[in-house]
Amino acid sequence: MADRAQLSTPVAEAGVGVLLIVGVASVFVLGVPAPDDGAAQLDAYAEDAGTVLAGESPRHQGATRLAEVAKSRESFERERSALDRRMDRLLPDNLLYRVETEYGAVGYERPAGVSYGTATVTTEHGDVRIRVWYA
């Protein structure tokens, strides 16, 4: 029968202890992942809404619906309620939104401290910013 090497118990315990200490220290050094606040999903909702609105035909004049509301104060005021109704139909019921142009905004005031998603659509008349958050 051949002699077999055997690890002593105190050496095995010391090894496990070192691994435990290194594991706990790495949590402090690397930190724990931030909790998911849904910001990525909200960004996706905002991007999707912007993509849909940017592809829709204008009701009166302009290249797209968003270009029409970004064109002038008069066109924004004329299209305000239609844009508001469209956003209500476009987004899920558990989301609130705000669409901002140079000439005004449609939607709700965003409460401070809530996570939100943002998308900016560039039109020929300026940027249109869409923000969404959970109700």
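Over residues 12-32 the chain is 90% helix and 0% strand, with 29 Å between the C-alpha atoms at the two ends. That stretch is what the unreviewed UniProt entry annotates as "transmembrane region". Bear in mind that this is a predicted model.

Helix H1 takes in residues 9-30, and valine 24 sits in it. Together with Leu20 and Phe28, Val24 makes up a nonpolar patch on the surface, and the three share about 360 Å² of accessible area.

Now for the inside. The largest nonpolar core has 20 residues, and the ones touching the most other members are Leu83, Met87, Leu91, Tyr97, Val99, Ile130 and Val132. Helices H2 (39-55), H3 (65-69) and H4 (73-90) each put in at least two residues, as do strands E1 (95-101), E3 (116-123) and E4 (126-134). H2 gives the largest share, 4 residues.

Take methionine 87: beyond its neighbours within four places in sequence, it is in contact with Ala49, Leu53, Tyr97, Val99 and Ile130.

Valine 69 is part of helix H3. Again skipping neighbours within four places in sequence, its contacts are Ser75, Phe76, Glu79, Leu83, Thr101 and Tyr103. Valine 106 is 37 residues away from valine 69 in sequence, and their C-alpha atoms are 10 Å apart in space.

| Residue | Relative accessible area | Class |
|---|---|---|
| Valine 24 | 42% | partly exposed |
| Valine 69 | 1% | buried |

Why does valine 69 count as buried? Its relative accessible area is 1%, and buried means under 20%. Valine 24, at 42%, is partly exposed because that class lies between the 20% and 50% cut-offs.

Methods:
Residues are numbered from 1 along each chain as its sequence is written. This is a predicted model: local features need pLDDT of at least 70, side-chain atom pairs count only at pLDDT 80 or more; totals for chains, interfaces and linings use all residues. Side-chain values use heavy atoms; hydrogens and water are left out. Patches are made of residues with over 30% relative accessible area and no salt bridge: like charges are joined within 9 Å, nonpolar side chains (Val, Leu, Ile, Met, Phe, Trp, Tyr) within 5 Å. Accessible areas come from the Shrake-Rupley method with a 1.4 Å probe; for residues, only the protein chains shown count as cover. A salt bridge is a side-chain nitrogen of Lys or Arg within 4 Å of a carboxyl oxygen of Asp or Glu. Buried means under 20% relative accessible area, exposed over 50%, partly exposed in between (1.4 Å probe, protein chains only). A nonpolar core is a set of buried Ala, Val, Leu, Ile, Met, Phe, Trp, Tyr and Cys residues joined through side-chain atoms within 4.5 Å. Contact means heavy atoms within 4.5 Å. UniProt positions are given in the numbering used here, feature names are shortened, and annotations may be inferred rather than shown by experiment.
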